Amino acid sequence: MAGYFEEMGWRELADGEQPDHLLHMARFLVDFGLYEDNFSGEWPRLPPPAAKEAVENLPEVTLEEGSKDCPICLKKYNPGDKAKKMPCNHLFHSTCILTWLGKTNSCPFCRYELPTDHKGYEAFKKEKKRAEQRKEDLDTLHNSMFS
Ligand SMILES: [Zn+2]
Ligand SMILES: [Zn+2]
């Protein structure tokens with residue numbers, strides 16, 4: 001059986017080396033095609049909550065004219081309401097976005113992602129980026145060979 005694992009690029013850990021279980025899991029999921037289309041796929045569940053620190057660092061603004069609706073609660077903004085500004089510049093009532101970010105990490109409007117405290121998800125995102133890079137490299141190679 002050792003041959004099989006060696007073929008898969010697995011090796012025994014050196015003395016004192018700790019296995020990176022989360023990274024392994026992320027690779028495993030990718031290698032086994034659990035994400036459709038080599039990674040146009042998404043995290044299989046709702047992404048985890050935003051990191052506390054990222055949420056605390058969101059700037060708070062006081063709204064002026066109540067012209068738009070809050071995309072979360074669909075109520076009109078009232079002048080003087082407190083709102084949080086996401087890095088993507090979208091505004092939400094502070095209470096609405098704080099509740100939202102306690103459940104998942106992305107802007108409800110444009111899906112801009114805040115960092116999370118979830119190690120597995122962060123490993124997944126890194127791996128996803130790497131897969132996209134790999135695909136780009138292959139496309140470039142393909143184009144330079146066939147065009
Ligand atoms: Zn709201
Ligand atoms: Zn946004």
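Modeller: A polar contact is a pair of N or O atoms within 3.5 Å; within protein, one must be able to donate a hydrogen and the other to accept it, and residues adjacent in sequence count only if both atoms are side-chain atoms. The model is predicted, so local features need pLDDT of at least 70 and side-chain atom pairs 80 or more, while totals for chains, interfaces and linings use all residues. Residues are numbered from 1 along each chain, chains are lettered from A and ligands numbered from 1 as written, and side-chain values use heavy atoms, without hydrogens and water.

Let's start at K84, in strand 2, residues 82–85 (a DSSP run of E, at least two residues). A polar atom of the K84 side chain lies 3.5 Å from the backbone oxygen of L58. K84 is buried (under 20% relative accessible area, with exposed over 50% and partly exposed in between, 1.4 Å probe, protein chains only). K84 has no salt bridge, and E60, the nearest side chain of opposite charge, is 4.1 Å away; a salt bridge needs a Lys or Arg side-chain nitrogen within 4 Å of an Asp or Glu carboxyl oxygen.

K84 also touches H90 and H93, among others (heavy atoms within 4.5 Å). Each histidine leads us to a zinc ion. Donors are N, O and S atoms within 2.8 Å of the metal (3.2 Å for Na, K and Ca). Both H93 and C96 are buried.

H90 (ND1) coordinates ligand 2 together with C88 (SG), C107 (SG) and C110 (SG). The site of ligand 2 is tetrahedral, with angles of 105 to 116 degrees. C107 counts as buried because its relative accessibility is 1%, whereas C110, at 36%, counts as partly exposed.

Technical notes:
Tetrahedral: all angles 85-135°; square planar, octahedral: opposite > 155°, others 65-115°. Helix = DSSP H or I, 4+ residues; strand = E, 2+ residues; numbered from the N terminus. Lys, Arg positive; Asp, Glu negative; His and termini not counted. Lists of a residue's contacts leave out its neighbours within four places in sequence.
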